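Colleague: I have some questions about this model before I use it. Could you take me through them?

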Amino acid sequence: MEFAELIKTPRADNVALHRPFHAAVEGTLCLTGHHLIFSSRRHDNAEELWLLHSNIDSIEKRFVGSLGTIVIKCKDLRIIQLDIPGMEECLNIASSIEALSTLDSVTLMYPFFYRPMFEVLEDGWSSFQLEHEFELLSSVTNEWRLSCVNKEFSVCPSYPALVIVPKSVDDEALRKVALFRHGGRFPVLSYYHKKNGMAMLRSSQPLTGTNGRRCKEDEKLINATLRSGRRGFVIDTRPLPVAQQARAKGGGFEQEVHYPQWRRIHKYIERFNILQESFIKLVEACNDQSHNMDRWLSKLEASNWLTHIKELLTAACLAAQCIDREGASVLVHGSEGTDSTLQVTSLAQIILDPRCRTIRGFEALVVREWLQAGHPFQQRCAQSAYSNSKQKWEAPVFLLFLECVWQIHRQFPCSFEFNEQFLIVLFEHAYASQFGTFLGNSEHERAKLKLPHKTMSLWSWMNRPDELSRFQNPLYEANSLVIWPSVAPQSLQLWEGIFLRWNRPSKFLEEAEEERMNIIKYNKELQAKVNALRRQLAEMETNELVQEEP
Amino acid sequence: VENVRLLDRLSSRRAVVGTLYLTATHVIFVENGSETRKETWVLHSQISSIEKQATTATGCPLLIRCKNFQVIQLVIPQERDCHDVYISLIRLARPVKYEELYCFSFNPKLDKEEREQGWKLVDLNEEYTRMGVPNNYWQISDVNRDYGVCDSYPTEVYVPKSATAHIIVGSSKFRSRRRFPALSYYCKGNNASICRSSQPLSGFSARCLEDEQMLQAIRKANPGSDFIYVVDTRPKLNAMANRAAGKGYENEDNYSNIKFQFIGIENIHVMRNSLQKMLEVCELKSPSMSDFLWGLENSGWLKHIKAIMDAGIFIAKAVAEEGVSVLVHCSDGWDRTAQVCSVASLQLDPYYRTMKGFMVLIEKDWVSFGHKFNHRYGNLDGDPKEISPVIDQFIECVWQLMEQFPCAFEFNERFLIHIQHHIYSCQFGNFLCNSQKERRELKIKERTYSLWAHLWKNRADYLNPLYKSDHSQTQGTLHPQIAPCNFLYKFWSGMYNRFEKGLHPRQSVTDYLMAVKEETQQLEEELEILQERLANLQKSQSGDNKVKSKQQDRSKQSGLYTSNNSLANTPQEYSHDLKSFPSRSPSQGDEDSALILTQDNLKSSDPDLSANSDQESGVEDLSCRSPSGGGCLPSEDSGKDSDEAVFLAG
């Protein structure tokens, strides 16, 4: 297919661009296969806006006389308005944008066409290998092994080719366990707590069904992670009634009789469509132009967004608490084990593991616990809060995770190597990107699409020294402790950096951020100067001594 | 009373046993056992309510709520003891004479001269000179020199030059409590001014020539403008209701060239109830997000804060952008009027956003113009209907502005919190009584100390590290966003959940940056010394040069700055399900605590407010320590920080 076919009017002049907190700008609008480009005609201060079609969530058009107006709502929650003279031009442009922003074939997406303008210093596709993780693990324990039972993605299509499992369980047993777990997602190691040797596993629900089916290998697998005489916790992200109902559809939960060493805790985390609705309502509230204070708070409350944040953080803290404080191993799952499960396991690691609070460590966490663990990014992030399509597989699961990280970050502003901008960029790229990292729903799909060969990795770009400096938190001081966030409502705030990003004046906050950077930069410069001078002095003084002595 | 248990509000499992002491000025709880013997001090004047709850098997619970939003829950084993404590506290918390208040016994061991110097720190004459009055348009009037015209006004008031004594007195007779229009803020740049008064006694039709002349005079004092705004900060309905009582508001037809404007800020009773409702929300035990947000909305608190801000924004805009003078009043002109004038001044004049300037602002708009501190904050036992968080709201408005303009203020959040604390503490004489007249009669300046001097002495603790006097945010007028801006107003947990440390960010960016800045300063000094030495060395070339330099070890200790990490090491109760789980070993957790950074590195704040962090129990710390004015406790108790020694010395 040629993109040109979809572009009836590639260019329009005298277009006015309106954005909140910016004066309207007049300029030229161009459409290309993947971008909407607006460039102002002012020569003194030419301004260009490049918008990926895939970033467009919805588009509305209206006419006043022959002046057409297009309102474009983006997946990063920005809203822009374009006034286009000429009814036909406007209609053409609107329909082109609509077609180009809803291409259904992955291989037509921009990452397959994008040619980077930077030199690749490190190929992000191979930056975070499970082998490397396993090496680190092997240096502290020999109870685990790397299994390639899923080499062909045949045992579990949503798992990566390599997984870490208890050493005592062989591949044959894993195949059996896979048959006992929803979607073949048998329990695998998610995190090993070096401090006390406790492990966090994740899986999907067991397929016990109504007749209480059991699987000896499954029991053996998860028991292999327990110290003798100790018990473990199963954290089920569904409420008990839902877990019970799941039995009718062949699913279920671990029953005490068959798992006597495990205690089950149900911590409800809301799923797909409810989250998507909550997301839509929250964004609506944030864009509400009315002046009424009461309406704002009740809309914020009615969106339930912060409730979801609180629930999710609580569940993650609970998992971390079981491991660190109770000295117990933990198995986390919901139904499929691809959404709430990953939220809990990855957040628990943020709390427990200082490495996950560094830039590379966090990237590794996203790769390990989200991309490789088979979170269906392409489905979940197909549309954002402005979409009218409302498909049931769309949900801001990853965004919720990022926001929880931000909440912890806010409570421990000196314990993270990255800054808020880093999290915002990950949010943007999960929804629309020139990089292939978040395409596809699993490693299997990514392998089939040959993404590592055909597209550029987000990490190749983010980890370049120039870019990295934008993501560094100037206040960072490595903190080796477990960090326990508060989950009280007073401690949780709306993530303004995402939700109010486009409708609040940010100048003063940016100035404050700059000031913080300056204070620390100046301090470091002075330190370097003082150290250099000290060295110089010391040298001169020793020289003197040498001269004096003879 | 011995064997009293102090409960942790967030978790009933965490309680400490100790001894309760009642002194003439404080309630003191001292923990048993532990080496630190942690103490909790509460001033009687901070106590807002005491509640005796039904006796249970473990004892008799006593709930003490404080005006600085601390809540203390005690369980006393014997019902009789509890009753005695309850009765004594009720009496102690409600003094009837000013002389019973703490400031008359509080002695920071400063000599007479130092005390007098302290009171001179904030000088209003200086302030009016700074604003640029008296000048061609404004003069100082001595019409109120013996408080003869208005007993709640200061003796020295600034009025338009064309307003004669006759006009002033005439106008005062037409105003509630004779609070005639007087200058609050003068804008040197464009001659526009903010004046304040009480409501006119207009009823349905009454007029007063002198009052009309007075407003005319205010307009004339700003030659660049042909009208003035008259801002009535009440809701229109309230103002209309006042007409039936012979009061009311200005009729635009009777006054030439005024533009009249209502700005609906609710009265003190609505505000008191609103705060009450919000505090109930803050006190909820493990509330859900919905409980909290719904309760916050239902309290209406943030709506009221926004109303005050909106009024301030309106006035600041009129003065700065339109160059029009504004007369502000409410009913008596000492509550809403004070709030609105000071919020507007704060936006208009960068000076008020400095530490010194902020003290001046409170002294000018609140203290000198007769804000009824004693009635509003219940220092002496009085009518509970007079109590209302009027200045608390102003302080919150400042905080809301600080959140929007992080570089604009010289002081930090802690400064605001400590001022709020001392408005209720009665430890310093500044906020005693209801008017300047009463304070003079009581000889406050001779018998008590000034808070401003105390805060000024510790100003290093109150600095905003982001403040730079040449930064764009510190210049000129602040323009807060008007609409849509609801989401800009946020719940201030640093104030209302102040003692629940577990709810706050565990690491303070402000403290971190202050520490960095301090280090930077030391580095600058060292750099200078090193450069000097180097120059000398190069000059002399021989070894006779013996410049001794301060050998400082500037190597960064890891974690030098990070504060309160200890809190990080105790999880909250994330699930009650865990209770029954048997495998918990008691020694767990020690390992983490051992890693904690020394508390000495923490910038200690005002000693009576600084909380000693308990590294084991972490999540919450109720300790509120106070300089021991009562002197009932031996001072060798460990854990006293150095600042406190200042008060104990001698």
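Modeller: The answers below concern a predicted model.

Colleague: For the "binding site" annotation on chain B, what is the largest C-alpha distance among its residues?

Modeller: The UniProt annotation, from an unreviewed entry, covers B:N267, B:I268 and a set that includes B:C330, B:D335 and B:R336. These residues are spread over 70 residues of sequence, yet they cluster in space. Their largest C-alpha distance is 12.3 Å.

Colleague: Turning to chain A, which three residues supply 46% of the area that domain 1 buries against domain 2?

Modeller: The domain assignment gives domain 1 as 4-103 and domain 2 as 130-504 in chain A. The contact takes 14 residues from domain 1 of chain A and 21 residues from domain 2 of chain A. About 1,400 Å² is buried between the two, with carbon and sulfur atoms giving 64%. On the domain 1 side, the three residues that supply 46% are A:D57, A:K75 and A:L77.

Colleague: How many salt bridges are there between domain 1 and domain 2 of chain A?

Modeller: Polar contacts are present between domain 1 and domain 2 of chain A, at 9 residue pairs. On the domain 1 side, strand 5 (56-64) and strand 6 (67-74) of chain A each give two or more residues. The salt-bridge count between these domains is 0.

Colleague: How many residues apart in sequence are the parts that A:R355 and A:E133 tie together?

Modeller: The side chains of A:R355 and A:E133 form a salt bridge, at 3.0 Å from N to O. A:R355 lies in the loop between helix 10 (340-352) and helix 11 (359-371) of chain A, and A:E133 lies in helix 3 (residues 130-138) of chain A. A:R355 is partly exposed at 33% relative accessibility, whereas A:E133 is buried at 14%. The parts that the pair ties together are 222 residues apart in sequence.

Colleague: Are A:E369 and A:R202 buried or exposed?

Modeller: These two residues form a salt bridge, with the closest N and O atoms 3.0 Å apart. A:E369 is in helix 11 of chain A and A:R202 in strand 11 (residues 198-202) of chain A, 167 residues apart. Both A:E369 and A:R202 are buried.

Colleague: By about how much of a helix are B:E441 and B:K437 separated?

Modeller: B:E441 and B:K437 form a salt bridge, with the closest N and O atoms 3.8 Å apart. B:E441 is exposed at 56% relative accessible area, while B:K437 is partly exposed at 27%. Because they are 4 residues apart in helix 15 (residues 436-441) of chain B, the separation is about one helical turn.

Notes: Residues are numbered from 1 along each chain as its sequence is written. Chains are lettered from A and ligands numbered from 1 in the order in which they are written. This is a predicted model: local features need pLDDT of at least 70, side-chain atom pairs count only at pLDDT 80 or more; totals for chains, interfaces and linings use all residues. Side-chain values use heavy atoms; hydrogens and water are left out. UniProt positions are given in the numbering used here, feature names are shortened, and annotations may be inferred rather than shown by experiment. Domain bounds come from an automatic or database domain assignment. Contact means heavy atoms within 4.5 Å. Buried area is the accessible area (1.4 Å probe) that two parts lose on being put together, summed over both. A salt bridge is a side-chain nitrogen of Lys or Arg within 4 Å of a carboxyl oxygen of Asp or Glu. A polar contact is a pair of N or O atoms within 3.5 Å; within protein, one must be able to donate a hydrogen and the other to accept it, and residues adjacent in sequence count only if both atoms are side-chain atoms. Buried means under 20% relative accessible area, exposed over 50%, partly exposed in between (1.4 Å probe, protein chains only).
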